[in-house]
Amino acid sequence: MSLKYSLVVLLLLLFCGGRLVLEQFYGDQDCEMTWMYQWPQYLAVPLDATVENSYPQYGLFLYAEGDKREDAIDVPQGSLSGVPVLFIPGNAGSHRQARSSASIALRMHSAEFSGAHYFDFFTVKLNEELSGLFGGVLLRQTEYVCVCIRHILSLYSHLSQPPRSVVIIAHSMGGVVARALFTYHGFNASTVHTIIAMASPLSRPVISFDSLLHGFYEREGVVNMSHVTLVSIAGGKRDVMVPTAITPHQGAINLASPAVPRNWVSSDHRAIVWCRRLQLALIRGLFLLQDGRELTRDKTRRDLTLTHLLLRGTEIPLPTTKPAAVLQFKSSQVVMVNATDGWSSLRGGVGAGKYVGVQLSGHAPIHVISNTGQRSWVFLCDQTSNCSDVSSRASLLPPKLGVVKAVSLLPGDWEGKSLLVIAQPTKLHPKSVKKGFLSVHQCIGDDQLPLSLWGTSLTIAQPHCSLMNFSLPGLQEVWESYTAVISSSCGEVVATLSTPWYAHTPITQSHPSHPHNLSVSLSLLVPTPSSHTPHLLIWSPPDCPLTIRVTSDLLESLDKLSVLYTPLLLPWVTAVCIAGSGWSLGIELLAVTTLYGLTSNGWIPYTDWQLLSASRLWGAWTPLLVHLIARAIASLLTHMTRLIAALLHKICCGRETYIMWVWLVMGVPGVMVCSGVGGVCLLVGWLFKASADGQVGLLPVIVCVEVLTVPALGSWVKGLSAQSQLYPDPHLAGMLATVCVALATAWQGAPLHKDRHTGYWEALLAMMLLCYCTVHVYRITGFVLAYMTLRLVELVVAS
């Protein structure tokens with residue numbers, strides 16, 4: 001592949017992926033910022049001397065706000081009497097990230113929940129370790145968090161009724177550490193029963209750079225957390241570090257940031273910890289669940305309350321132990337309307353203190369929409385006028401500063417009931433500036449909205465109800481992206497993409513300057529189960545003609561592909577470097593296609609491709625696309641290493657061989673300190689060898705294996721203050737063997753040109769690498785070692 005073609009492919013890749021990254025770090029955030037009213041403090045919580053000596057790089061702190069500078073004093077013994085909460089940071093995260101949740105809890109206690117206990121927010125300092133890339137620190141972090149939980153509970157022993165559990169709020173890999181507590185032999189599982197995980201890769205690691213990281217996840221797969229309420233909140237499409245597709249956990253409350261009412265926006269990986277409206281919903285849920293100095297131990301109540309607040313948005317938790325509210329009214333107070341034709345009115349349209357009644361019949365769902373501020377406003381009644389309150393079924397709709405509630409009732413919901421009664425909106429929400437309104441309609445059925453690469457258009461001249469439901473059977477894959485432009489001729493439009501199996505899509509409101517036009521992004525964050533179909537819900541005034549135009553969003557699709565498949569490029573580039581450039585691009589694509597067919601039919605068992613296919617993330621065209629990009633990267637890598645080698649040749653003036661041996665010999669003791677240090681020595685030594693020989697040789701694959709050890713090198717640098725040697729080091733044995741083989745290869749002289757027989761063996765090795773290293777990236781070292789050994793045998797035989 002020519003250098004020109006490689007640069008074109010890479011520029012396209014960088015444009016797609018880099019656009020998202022730049023938007024995340026430098027673009028305007030949709031989330032509202034959380035602020036502190038006073039200077040944040042982080043008060044040190046001393047642990048036992050044995051613990052502090054065992055974990056000198058870690059620390060435990062208590063959050064406070066006041067005039068003193070942070071880290072000023074220790075927490076006095078016997079001074080705590082609130083509900084303990086522990087914040088666990090993630091990959092390269094700081095303990096100071098707890099300040100957003102903690103500050104909101106302090107202000108919410110004084111403003112809304114003064115009669116409840118306040119929350120004592122503890123936070124752990126984990127030295128900003130690269131826990132998402134290097135698994136060697138995860139077990140140590142888990143052990144330390146376990147010790148901290150025991151110590152936190154001991155701080156309340158002076159109370160007559162001390163708390164027995166700690167609430168955990170975790171970010172990124174902190175959520176994985178929180179879940180791993182239940183696999184640790186010294187952990188009391190009853191001390192944690194509520195975990196809030198934000199942007200945590202709970203399904204699998206973003207990229208498995210080492211076997212310890214993969215093993216950590218494998219061990220967590222058998223953990224029993226049936227008593228734990230786990231809420232996993234993904235950032236949405238703006239989070240390019242942890243894709244939403246790997247955040248769900250079986251048995252958890254899984255959602256994304258845009259699904260949270262009043263928030264309704266996507267957040268990037270860092271912003272999710274300070275996204276104000278999201279944090280408000282979470283902290284309000286914790287206050288409502290208080291039972292003494294801990295959260296209630298009733299898991300059903302915890303699940304229902306948090307689901308209600310995070311997915312429906314109203315401030316009233318679902319009824320659990322209390323009986324349903326009963327409405328008593330006179331028949332003269334009820335004004336009967338026909339919901340089949342659709343009915344709506346402004347406040348006062350049926351008289352103050354009146355109720356709207358709808359006769360329940362038919363098999364179509366009934367939708368009730370109102371901006372009332374009343375807590376109890378929708379009731380199902382039987383023939384004897386005994387009514388039950390179903391207001392808790394309400395979900396919030398835009399705008400953010402108002403309260404628009406919608407209740408949808410299916411025919412099965414009113415079994416045994418004959419009348420639907422809705423209270424006229426006489427009391428609006430305090431923040432609402434609009435008049436009260438009430439809309440009741442019964443939809444006849446759903447329509448299908450076709451999706452096409454070339455676009456489609458649909459005109460609805462006479463809508464049968466104001467809340468229309470369009471199924472999207474063509475929207476199935478996570479990389480697909482469409483844009484629906486909805487035009488209304490007579491009123492404001494609100495729409496949402498509904499995915500029943502995973503709540504993630506925001507309700508979208510038209511812009512004030514263009515109230516009759518609305519643009520909705522139709523894309524999934526997680527693959528669609530075969531038994532479900534996404535739906536586009538549109539709320540507009542009744543009898544208002546609509547035009548819906550759907551077009552394919554190619555740029556958004558490329559962005560999603562770059563986020564999903566960038567972690568797969570390292571093993572693929574390594575395989576291309578091993579196979580070499582002796583094959584034409586057409587033969588390579590044919591080989592990749594054949595390999596996909598073999599793995600799809602199970603003829604090559606237990607491959608990583610089968611794991612990706614089971615997750616609905618690996619189509620027939622995907623390997624071809626990844627191979628083209630990897631081929632371009634490998635070609636550019638070869639050219640760059642050749643240029644660097646030529647530059648070193650000019651600088652060293654004939655001393656390349658001497659410098660090469662110095663660096664290669666340093667590689668052996670360097671590996672014993674840290675595999676990353678040995679990898680750096682090997683890479684530099686081989687650069688000087690290439691400058692002396694005039695041939696790149698093994699340099700590209702050495703670059704790939706060195707990239708694999710970069711997280712280990714970063715972790716070693718982070719922990720230098722505590723230990724001079726990296727332990728545990730999962731790459732130690734593999735890198736030591738690689739350095740030794742490299743020394744033996746260098747001793748034999750310049751590499752030989754490949755003959756046809758050896759080329760076939762290398763191609764077979766590259767194909768096996770693709771099959772078994774695409775997800776398990778840490779296995780690359782073994783394949784590179786086998787490739788270098790093959791070249792060494794070739795040199796020995798030739799000599």
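## Overall make-up

Helices, of at least four residues, and strands, of at least two, are runs assigned by DSSP and numbered from the N terminus. In this predicted model, the chain contains 19 helices and 28 strands. Of its 799 residues, 55% are buried, and the accessible surface of the chain comes to about 33600 Å², with 60% of that area belonging to carbon and sulfur atoms.

Strands of a sheet pair through backbone hydrogen bonds, either parallel or antiparallel. In this chain, eight strands form an open sheet with mixed pairing, and their order is E1-E2-E4-E3-E5-E6-E7-E8. Strand E1 (39-44) and strand E8 (253-256) stand at the edges, and because each has a single partner strand, one side of each is left without a neighbour in the sheet. From one strand to the next, the twist averages 25 degrees.

Another helix, H3 (residues 99-111), lies across E1, strand E2 (59-66) and strand E4 (119-125), and runs at about 45 degrees to E2.

## A buried loop residue and a covered strand

The loop between E7 and E8 holds Thr244. Is Thr244 buried or exposed? Its relative accessibility is 4%, and since buried means under 20%, Thr244 counts as buried. Leaving aside residues up to four places away in sequence, Thr244 touches Ala234, Gly236, Tyr502, Leu525 and Val526.

Strand E24 (residues 494-498) is mostly covered, with four of its five residues buried. This strand E24 pairs with strand E27 (residues 535-539) in the antiparallel sense over five bridges, and the bridge partner of Ala495 in E27 is Ile538.

## Salt bridges

Side chains of opposite charge can pair when their charged atoms come close. The model has 15 salt bridges, and one of them joins Arg393 to Asp413, whose closest N and O atoms are 3.7 Å apart. Arg393 lies in the loop between strand E15 (387-389) and strand E16 (395-397), while Asp413 lies in the loop between strand E17 (404-409) and strand E18 (419-423), so the pair ties together parts that are 20 residues apart in sequence. Arg393 is partly exposed at a relative accessible area of 31%, and Asp413 is partly exposed at 27%.

The side chains of Arg631 and Glu588 also meet in a salt bridge, at 2.9 Å from N to O. This pair links distant parts of the chain, with Arg631 in helix H13 (residues 622-652) and Glu588 in helix H11 (residues 585-600), 43 residues apart. Arg631 is buried, with a relative accessible area of 7%, and Glu588 is buried at 9%. A further salt bridge joins Arg791 to Glu794, with the closest N and O atoms 3.2 Å apart; both residues lie in helix H19 (residues 780-798), three residues apart, which is about one turn of the helix, and both are buried. Glu32, Arg276 and Arg277 are linked in a network of salt bridges.

## A nonpolar surface patch

On the surface, Tyr658, Val662 and Met666 form a nonpolar patch that has about 310 Å² of accessible area together. Val662 is placed in helix H14 (residues 656-673) and is partly exposed, with a relative accessible area of 33%.

How values were computed
Residues are numbered from 1 along each chain as its sequence is written. This is a predicted model: local features need pLDDT of at least 70, side-chain atom pairs count only at pLDDT 80 or more; totals for chains, interfaces and linings use all residues. Side-chain values use heavy atoms; hydrogens and water are left out. Buried means under 20% relative accessible area, exposed over 50%, partly exposed in between (1.4 Å probe, protein chains only). Accessible areas come from the Shrake-Rupley method with a 1.4 Å probe; for residues, only the protein chains shown count as cover. Two strands pair if DSSP finds at least two bridges between them. Axes are lines fitted to C-alpha atoms, for helices over the stretch in contact, and angles run from 0 to 180 degrees between N-to-C directions. Contact means heavy atoms within 4.5 Å. Patches are made of residues with over 30% relative accessible area and no salt bridge: like charges are joined within 9 Å, nonpolar side chains (Val, Leu, Ile, Met, Phe, Trp, Tyr) within 5 Å. A salt bridge is a side-chain nitrogen of Lys or Arg within 4 Å of a carboxyl oxygen of Asp or Glu.
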